[in-house]
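Have a look at the structure first.

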Amino acid sequence: MAIDLHKYANPKRFLAITAAIYPWSVWLTVILLLGGLYLSLFVAPPDYQQGDTVRIMFVHVPAAWMALMIYTLMAVSSAVGLIWKHPVADLTAKAAAPIGACFTFLALVTGSLWGQPMWGTFWVWDARLTSMLILLFLYLGYMAIWESFDDPTKAAKAAAILALVGVVNIPIIRFSVDWWNTLHQPASVATMDGPKIHSTILIPLLVMGLAYTAFFVMVLIIRVKAEILKRRLHVLQIAELRES
Amino acid sequence: MSRFIQLVGRDIRLAFRQGSAVTLSLSFFVIIVVLFPLGVGPELAVLARIGPGVLWVAALLSCLLTLDRMFQADFEDGSLDLLIIGPLPTEILVLAKVIAHWLTSVLPLIVIAPILGLSLNLPGDGIFALTLALLIGTPTLSLIGAMGAALTVGMRRGGVLLSLLVLPLYIPILIFGVAAVDAAIAQLTVVPHLFLLGGVSLGALVVGPLAAAAGLRLSLS
């Protein structure tokens, strides 16, 4: 399975491909999000203990999934950018970071809104909450390092180094925080014995997860495109200055 | 090897002749620890409870204080360029810098930590575990910090960015370090926590110099 990565390194070809994917991602986002919200707000049964507050979960859990997935994606594209000097991969990592930070923030906020009626407090220093908060800081650090270099190629490399060190550290942070203290329920969807929750809840959850993914693809395409156009504009401006 | 030792020796001599570096981080460490009893109140039971955490957090922060000087002075007077062009591989150069940093600005903290532990009413077992855990865990602080320092060298206001980059990565050390001391105070076995700290330190020994060397080459290119 030898994919020629350099074929996609050409920004023009990249733009052509994403232009084809973009409308699909928009439609998928709209349909899945509407369907998922309908399923989770009206179809899914209320929990026998938690009542309707359980519905926060349909917003909360996919956001947490996305937060982790986007960091992984960022690390992989950083590695690709660092190893093959692939310009679009660097831009993808850069464009993905703020989206990932937003999903992390969403997961934290919805989690604390759910925690208030359920645990009686907005915030506990529990393993999962704390590691998500640290993930948010990793995202912020990554975004800050992009901002602090004048030269974009340098910034891309520095950010890639940071993202890769971060990805080595995330499992360690995860374990350390896990052993430290725990109140959050353990994973119940992706376990070795298959999902542990009933299909009336699982299906809306998965639909919402897919909707979030489609939304992410849509926003990512917009952001990468904006980055490429910004670079192009910069080059054009410099060329114009030289001529005048 | 002799070049490596010479470089470590040079950095240690520089740190001691400038004088301020060692005493600065040491007094910072002491002041942070002293602030806590003033802020929290002097009850000995409370102080004994928060003592391990306070000492570890103070150690992290004082280590951070001197990190941005790890490469900065050499970068400003140009010797960093010469060192990188020189025969020593950049990774080994970073390692020498890390050792010098640890010896000059972290080791003094570990030496004084037992006395501060006594003042926070830590029991004897706790103080012994604290010193051991600091000895095993703090090299990671310098190693990961070297990566941050290399990325921010030559940057305006690099110090603030450095703390945002490095502090989240310090969290495992903090948790395992405090867990070791708490275990010792509760008369449980300390060894597993120390093994974990040692494992993290060894991992950082591999990743740190590689990442820092990549960062240095980038900052100087």
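The contact (heavy atoms within 4.5 Å) takes 25 residues from chain A and 23 residues from chain B. A heads-up: this is a predicted model, where local features need pLDDT of at least 70 and side-chain atom pairs count only at pLDDT 80 or more, while totals for chains, interfaces and linings use all residues. Residues are numbered from 1 along each chain as its sequence is written, chains are lettered from A in the order written, and side-chain values use heavy atoms, without hydrogens and water.

Here is the interface in brief.

| Item, chain B and chain A | Value |
|---|---|
| Buried area | about 2000 Å² |
| Part on carbon and sulfur atoms | 85% |
| Salt bridges | zero |

A salt bridge puts a Lys or Arg side-chain nitrogen within 4 Å of an Asp or Glu carboxyl oxygen.

On the chain B side, helix 7, helix 8 (158–185) and helix 9 (191–220) each give two or more residues. Helix 8 of chain B gives the most, with nine residues. Helices here are DSSP runs (H or I, at least four residues), numbered from the N terminus.

Now the core: of the 119 residues in the largest nonpolar core, Tyr142(A), Ile145(A) and Phe71(B) touch the most other members. Such a core joins buried (under 20% relative accessible area, 1.4 Å probe, protein chains only) Ala, Val, Leu, Ile, Met, Phe, Trp, Tyr and Cys through side-chain atoms within 4.5 Å.

Terms used
Buried < 20%, exposed > 50% of the residue type's maximum accessible area, 1.4 Å probe, protein only. Buried area = accessible area lost by both parts, 1.4 Å probe.
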